[in-house]
Amino acid sequence: MNEEEFYFQTEAAELLKMMINSVYSNKDIFLRELISNASDALDKRRIETLKNSELAENTNAVIKIELNPDNKTLSVSDNGIGMTRDELINYLGTIAKSGTKEFLKAAKDSNTQQELIGQFGVGFYSVFMVADKVEVVTRKLGTSETYKFTSNGTGKYTIEDFDQRSECGTTVTLYIRENTDDPDKSAKNYLDEWTIRGIIEKYSDFISWPILFKDKTINSQKAIWQRPDNEITEDEYKEFYKHLTHDWQEPLMHIKINAEGSTNFKGLLFVPSQAPFDLFMNPESGGVSLYINRVFIMNDFKDLIPGYLRFIRGVIDSEDLPLNISREILQDEPIIRVKRRSTQRKIYNELKKLLENDREKFIKFWLAFGKILKEGIVQDHEHAKNILDIALFRTTNSDEWTTLAEYEARMKPEQKGIYCLAGRDTLSALKASPKLEPFTEKGYEVLLMTDPVDEVILNDSRFIFPAEAKQLLNIASDDVSAETDDEKKSNEDKIKAIESDFEPLKKKALEVLGEKLENVKPSVSLTSSPACLRGGMSLQMESILRSIGQAPQAQKRVLELNVSHPIIKKLIELAKNDNEKVPDMLKTLYDQAIILEGAAPDDPADFIKRIDDLMALALGD
Ligand code: ADP
């Protein structure tokens with residue numbers, strides 16, 4: 001029989017072990033996974049047949065479920081595309097999913113395992129929650145060889161030649177686990193006809209291929225997006241979502257699309273409740289499938305959904321595209337642009353409604369996907385305003401999230417725009433920034449923006465908003481200040497008055513730190529911090545650019561020294577006499593400002609030595 005033994009890829013073996021020991025309460029879903037795979041295989045066969053005229057049409061496409069209580073087996077068969085020997089090894093012996101390693105690391109703790117399994121979606125491997133042994137007999141479309149994969153899930157599997165399949169497709173046979181000391185692990189009920197029937201009806205009714213059980217088709221095969229909204233239960237939406245996405249968790253919300261007019265199409269889109277493991281790592285993974293007149297055409301219909309909505313999952317069913325359309329043609333199809341625009345509009349509207357009607361749920365959405373959605377503000381100026389309308393921000397005012405409109409309602413009349421601070425990845429780091437001082441001193445609220453994209457948004461703000469609208473003002477930039485015109489004038493006078501006193505310190509600072517600085521200025525608006533760096537892109541952005549292989553120009557910044565701070569006052573005096581302590585003190589002030597910006601001093605050893613010297617001095621050494 002030419003049997004060969006293989007070891008599962010390490011991650012796959014770990015996942016299997018997790019399945020065998022699983023206490024996942026909803027074991028039923030293994031059948032949903034198998035039926036989904038069978039349905040996908042039939043879709044793939046149909047598409048392959050369309051592309052290749054030598055292949056005969058599958059006139060009797062079917063998913064067959066068979067129960068054999070005597071042998072204690074349950075099997076799911078399809079006459080879909082099937083798998084080659086290599087595909088068996090690649091698809092069932094390994095896990096190609098990105099994020100697997102992260103998942104396994106996170107799932108080490110058994111308390112969180114159950115929840116994480118649902119989030120990750122283990123597909124085929126879920127069979128080992130209910131079976132001691134699994135056999136997969138498969139024959140690939142257009143080939144004559146049949147193979148059998150056998151495994152009991154414990155590290156190894158075998159593949160052998162087999163000769164009992166007259167047609168292409170796959171049969172998965174489960175040997176249901178029955179005799180076990182632990183009743184939680186027994187899966188005996190999956191040998192019961194009514195249990196199986198109930199599961200299929202619950203999870204797979206909308207599958208578009210017939211599911212045959214006990215010689216009868218038991219699914220209605222109705223496309224759920226074609227049915228009137230009031231006929232569909234929440235449960236049906238949820239199950240459809242799970243079938244579509246292989247996500248075991250429930251979606252956060254669904255969005256129904258019913259467009260009529262210049263282009264006709266229906267759609268059913270979902271927002272997942274959590275970001276999948278690979279969403280941030282894989283900006284290309286899109287999740288909307290295209291159907292044409294109820295016939296599946298392709299997954300990942302990217303032309304419809306821009307990258308910054310890549311977390312959306314679902315189906316779009318077009319009534320006005322030809323069935324044999326290719327990906328290339330789709331890109332230039334004007335109808336697609338219309339569909340794209342109206343789909344996007346609908347998504348924004350629904351999200352806006354959610355924000356208005358269920359803030360708590362919207363915050364959940366924002367925490368999961370806000371970061372991605374915000375990419376759209378810089379990528380898609382046409383829709384930037386829509387996204388900013390629903391965007392949530394943290395603020396210096398409270399721990400609650402705020403929208404821009406809510407902020408505007410609280411703005412002081414003299415404020416020139418919406419004050420924002422970006423450039424650090426945590427709230428606490430942003431809150432420690434000396435740049436906030438002049439603003440909080442005067443009771444102004446500042447938005448605290450922790451995502452890398454925020455800084456880009458701030459730079460683009462003037463392109464996004466019409467001139468008369470309230471602008472996002474980056475308080476880190478040189479030309480944004482908390483001063484009124486009168487205050488500005490009086491502060492300028494104050495600065496003028498100390499300019500000549502300040503000059504020796506400024507000269508010294510430029511001498512010591514000159515290559516890093518564009519200028520050194522006295523500040524009368526800082527309150528508690530002695531020094532602050534201003535201008536240029538944030539150090540966070542600089543390091544992001546470096547990490548993606550871009551070398552930003554050296555950023556020269558302005559060092560502001562708070563002339564009412566005791567340290568600076570003293571230094572001003574010492575600098576007049578060219579005191580030898582001044583250079584080290586200036587270096588340390590600069591390093592401190594750099595640390596507050598989120599970077600490390602250029603020369604940490606030298607920094608530490610300077611601090612050590614100061615400590616020794618303070619301790620009276
Ligand atoms: P997923 O379906 O999420 O990709 P699975 O673990 O369920 O993950 O399946 C892995 C792969 O094995 C599938 O992507 C598919 O290529 C292949 N496969 C599984 N079941 C079948 C089947 N019945 N017919 C053909 N290929 C299958």
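1. Two strands are taken to pair if DSSP finds at least two bridges between them. Helices (H or I, at least four residues) and strands (E, at least two) are DSSP runs, numbered from the N terminus. This is a predicted model, in which local features need pLDDT of at least 70 and side-chain atom pairs count only at pLDDT 80 or more, while totals for chains, interfaces and linings use all residues. Residues are numbered from 1 along each chain as its sequence is written, and side-chain values use heavy atoms, with hydrogens and water left out.

2. An open sheet is formed by four strands in the order 15-17-16-18, with mixed pairing. Strand 15 (394-395) and strand 18 (472-474) are its edge strands, each pairing on one side only. Strand 16 (residues 418-421) runs parallel to strand 17 (residues 447-448) and is joined to it by two bridges. Strand 16 also runs parallel to strand 18, through three bridges.

3. Which residues stand opposite Cys-420 in strand 17 and in strand 18? In strand 17 the residue is Leu-447, and in strand 18 it is Asn-474. Leu-421 has Leu-448 of strand 17 as its bridge partner. Ile-418 and Cys-420 point one way from strand 16, Tyr-419 and Leu-421 point the other way, and all are buried. Here buried means under 20% relative accessible area, exposed means over 50%, and partly exposed lies in between (1.4 Å probe, protein chains only).

4. Strand 21 (residues 557-562) is mostly covered, six of its six residues being buried. On one side these are Arg-557, Leu-559 and Leu-561, and on the other Val-558, Glu-560 and Asn-562. Strand 21 pairs with strand 19 (residues 517-523) in the parallel sense over six bridges, and the bridge partner of Pro-522 in strand 21 is Leu-561. With strand 20 (residues 531-534), strand 21 pairs in the antiparallel sense over four bridges; Leu-533 stands opposite Leu-559 in strand 21.

5. The largest nonpolar core has 77 residues, and those with the most contacts inside it are Ile-63, Ile-65, Tyr-125 and Leu-174. Helix 2 (residues 29-51) gives the most to this core, with eight residues. A second, separate core of 74 residues includes Val-288, Ile-312, Phe-365 and Phe-465. A nonpolar core is a set of buried Ala, Val, Leu, Ile, Met, Phe, Trp, Tyr and Cys residues joined through side-chain atoms within 4.5 Å. In soluble globular proteins, nonpolar side chains tend to be buried together.

6. Contact means heavy atoms within 4.5 Å. Not counting residues up to four places away in sequence, Leu-174 touches Phe-30, Leu-34, Lys-72, Thr-73, Leu-74, Val-127, Val-130, Ala-131, Lys-133 and Val-134. Thr-158 lies in strand 6 (residues 156-162) and is buried, with a relative accessible area of 13%. With the exclusion of residues up to four places away in sequence, Thr-158 touches Glu-3, Glu-4, Glu-5, Lys-148, Phe-149 and Thr-150.

7. How do helix 17 (residues 485-513) and helix 20 (residues 582-596) cross? Their axes come within 10 Å and cross at roughly 70°, which makes helix 17 roughly perpendicular to helix 20. Axes are lines fitted to C-alpha atoms, for helices over the stretch in contact, and angles run from 0 to 180 degrees between N-to-C directions. Angles under 35 degrees count as roughly parallel, over 145 as roughly antiparallel, 65 to 115 as roughly perpendicular and the rest as oblique. Leu-505, Lys-508, Ala-509, Val-512 and Leu-513 of helix 17 meet Val-582, Pro-583, Leu-586, Lys-587 and Tyr-590 of helix 20.

8. Helix 12 (residues 381-390) packs against helix 16 (residues 452-464) at an angle of about 110°, the axes being 11 Å apart. Helix 12 is therefore roughly perpendicular to helix 16. His-381, Ala-384, Lys-385 and Leu-388 of helix 12 make the contact with Asp-460, Phe-463 and Ile-464 of helix 16.

9. The 15 residues of helix 21 (residues 604-618) should span 21 Å at 1.5 Å a residue, and the end C-alpha atoms are 21 Å apart, which agrees. The expected span is 1.5 Å times one less than the number of residues in the helix. Helix 21 is followed by Gly-620, which has a positive phi, near 80°.

10. Pro-322 lies in the loop between strand 14 (313-318) and helix 8 (327-332). Pro-322 is partly exposed, with a relative accessible area of 43%. The C-alpha atoms of Pro-322 and Asp-493 are separated by 73 Å, the two residues being 171 residues apart along the chain.
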